[in-house]
Amino acid sequence: MTHTPLPPSLAPVPSGRVALVTGANVGIGRVTAIELARAGYQVVIAGRSLERTQPVLDEIKRLVPGKPAVFVPLNLASLASVRECAQQFIGMNLPLHLLVNNAGIAGMRGLTTDGFEMMFGVNHIGHFMLTQLLLPLLQASGPSRVVTVSSRAHKRTPGLDWDAVRQPTRSITGVREYAVSKLANLLFSAELARRLQGTQVSCYSLHPGVVDTEIWRALPSWTRPLLRWRGLLTPEEGARTSLHCALHAPHSESGLYYSACKPVRPSALGQDLDLARALWERSEAWISGR
Ligand SMILES: NC(=O)c1ccc[n+]([C@@H]2O[C@H](COP(=O)([O-])OP(=O)(O)OC[C@H]3O[C@@H](n4cnc5c(N)ncnc54)[C@H](OP(=O)(O)O)[C@@H]3O)[C@@H](O)[C@H]2O)c1
């Protein structure tokens, strides 16, 4: 697939800046990685398959000769893989100025290797652990940013059930569990920002829009006409808010949730500080095997 560059020219970033993007072989992540490379970042792509990421690495090489993107293996459904990914990145002896927690699944069912509901495990727990392991590097490289791709779907859950996130996917469509995982993305980003107040690391979460990507492949086929009827953005349009948070959002807006390139109010649960703290503490305990 050939990349259609985004029209607004992104201000070039200072030289030597490094970005790590998860899940950038397709969809929103692919455009995000390419545009970050065009803006001047040295891009590292973390994903499940070098073979499937190679076309993006080739595209970046073609568009930005002299600054090749690098691949590191990452399967967010396995905490051992998350640990290896972080170790491999740290072993590269690069700084880290931008972490984009982009990878995600919808409608995939079951449990992750470590016993989390599949979407909660991949979308939240894997990224929670990756961010924790890379935090010392992000802090040492400041000013730096953590951008976490959440979703407006976070509004579709009435709460966080601590037992359900440790059990296989139960709902027929998986929409309920997806909503929980995206609420967790949002709460994680807000709590991370609170914990990093006074540092040079800023954190943003966002809804990219409803975007025509492969994420919908696991949803029942009857849901797709509904999505198309609502109008889908292209991946280029869908990457705009991620890129805005990565490149332009001010430090003073750290912790906020964005949509259409501006801060918007999340659901009431998305603003619940106690819930964000509880999720953080449980996630911390879970990844350390407690
Ligand atoms: N599309 C939308 O309308 C929409 C709306 C709201 C939010 N979002 C969010 O946007 C983000 C990007 O999604 P997208 O729409 O661009 O979907 P996509 O085209 O399906 O891309 C998802 C990416 O995540 C990767 N991924 C999946 N499981 C993984 C795992 N276990 N470990 C590592 N990487 C994994 C995929 O890699 P593989 O090729 O290996 O599967 C792929 O690179 C997600 O967080 C999603 O929740 C999307």
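## Around the ligand

In this predicted model, the ligand is surrounded by 32 residues, and the closest are Asn25, Arg48, Arg52, Val211 and Thr213. Sorted by class, that shell holds 16 nonpolar, eleven polar and five charged residues.

## Polar contacts and burial

Let's look at some individual atom pairs. The side chain of Asn75 places an N or O atom 2.9 Å from a nitrogen atom of the ligand. Leu76 uses its backbone instead, with an N or O atom 2.9 Å from a ligand nitrogen atom. At Val211, a polar backbone atom is 2.6 Å from an oxygen atom of the ligand. On its own the ligand would expose 890 Å², and the protein buries 98% of that area.

Now turn to strand 4 (residues 98–101). Leu98 and Val100 point one way from this strand, Leu99 and Asn101 point the other way, and all of them are buried.

Strand 4 pairs with strand 1 (residues 18–22) in parallel through three bridges; Val21 has Val100 as its bridge partner. Strand 4 also runs parallel to strand 5 (residues 144–149), joined by four bridges. Here Leu99 is partnered with Val146 of strand 5.

How values were computed
Residues numbered from 1 in each chain as written. Predicted model: local features only at pLDDT ≥ 70, side-chain atom pairs only at ≥ 80, totals over all residues. Heavy atoms only, no water. Buried < 20%, exposed > 50% of the residue type's maximum accessible area, 1.4 Å probe, protein only. Helix = DSSP H or I, 4+ residues; strand = E, 2+ residues; numbered from the N terminus. Pairing = 2+ DSSP bridges. Near = heavy atom within 4 Å. Polar contact = N/O pair within 3.5 Å; in protein donor to acceptor, adjacent residues only side chain to side chain. Areas by Shrake-Rupley, 256 points an atom, 1.4 Å probe, with all protein chains shown as cover. Nonpolar A, V, L, I, M, F, W, Y, C, P; charged D, E, K, R; others polar.
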